[in-house]
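Colleague: I would like to go through this model feature by feature. Please give the general idea each time, then the case at hand.

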Amino acid sequence: MRIGELARATGSTARALRHYEQAELITSQRASNGYRIYDDRAVVRVRNIRYLLAAGLTLDDVRVFLPCLDGDVAAARPSNKGLRVALERLAVLNERIATQTEARDRLEAALQQATGGRIRPVA
């Protein structure tokens, strides 16, 4: 299938697919006209990549899961390395959330003080 067909089948974009290919997470063959051609297995692989990215992992993190990207990643038992990567990413995300929460709380307090409590922040 061509790149547009793969994009539609996976809910992705052609640009994202080219990015995944540049990151060596997926591969294609070239037709005589230069178009990228993917085999049907690429659908599962791209869906798994998107699943892992949606879970908060980066493309570099996803690389650890290469051996299982062609199967059911969500149901597969993760390797020790995969667990370590996921736990490290979770720590990073938790730190970012804590930092953003602190910033929000400071801004809310400043608004309350500046308005004498007349403005209620939007939740």
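This is a predicted model: local features need pLDDT of at least 70, side-chain atom pairs count only at pLDDT 80 or more; totals for chains, interfaces and linings use all residues.

Colleague: How far is Ala-86 from Val-62?

Modeller: Their C-alpha atoms are 9.5 Å apart, while the two residues are 24 residues apart along the chain.

Colleague: Is Thr-10 buried or exposed?

Modeller: Buried means under 20% relative accessible area. Thr-10 has 9% relative accessibility, so Thr-10 counts as buried. Thr-10 belongs to helix α1, which spans residues 3-10.

Colleague: Which residues does Thr-10 touch, not counting those up to four places away in sequence?

Modeller: Thr-10 touches Val-43, Val-46, Arg-47 and Arg-50. Those four residues are on the α3 side of the contact between α1 and α3, and Thr-10 is on the α1 side with Leu-6 and Ala-9. Ala-42 is also part of the α3 side.

Colleague: At what angle do α1 and α3 pack?

Modeller: The angle is about 55°, and the axes are 9 Å apart. Angles of 65 to 115 degrees would count as roughly perpendicular and those under 35 as roughly parallel; α1 and α3 are therefore oblique to each other. Their crossing is right-handed. By class, the contact holds 5 nonpolar, 1 polar and 2 charged residues.

Colleague: And how do the axes of α1 and α2 cross?

Modeller: They cross at roughly 100° and come within 9 Å. That angle makes α1 roughly perpendicular to α2. From α1, Ile-3, Leu-6 and Ala-7 meet Ala-14, Leu-17 and Arg-18 of α2. This contact divides into 5 nonpolar residues, no polar ones and 1 charged. Leu-6 is listed in the contact with α3 and in the contact with α2.

Colleague: Which residues touch the most other members of the largest nonpolar core here?

Modeller: Leu-17, Tyr-20 and Ile-49 do, in a core of 21 residues. Helices α1, α2 (14-22), α3 (41-54) and α4 (59-63) each supply at least two residues of this core. The most comes from α3, with 5 residues.

Colleague: What does Ile-49 touch, leaving out residues up to four places away in sequence?

Modeller: Ile-49 touches Tyr-20, Leu-25, Ile-26, Leu-59, Val-62 and Leu-69.

Terms used: Residues are numbered from 1 along each chain as its sequence is written. Side-chain values use heavy atoms; hydrogens and water are left out. Buried means under 20% relative accessible area, exposed over 50%, partly exposed in between (1.4 Å probe, protein chains only). Contact means heavy atoms within 4.5 Å. A nonpolar core is a set of buried Ala, Val, Leu, Ile, Met, Phe, Trp, Tyr and Cys residues joined through side-chain atoms within 4.5 Å. Axes are lines fitted to C-alpha atoms, for helices over the stretch in contact, and angles run from 0 to 180 degrees between N-to-C directions. Angles under 35 degrees count as roughly parallel, over 145 as roughly antiparallel, 65 to 115 as roughly perpendicular and the rest as oblique. A crossing is left-handed if the near helix is turned anticlockwise from the far one by less than a right angle, and right-handed if clockwise. Ala, Val, Leu, Ile, Met, Phe, Trp, Tyr, Cys and Pro count as nonpolar, Asp, Glu, Lys and Arg as charged, and the others, Gly among them, as polar.
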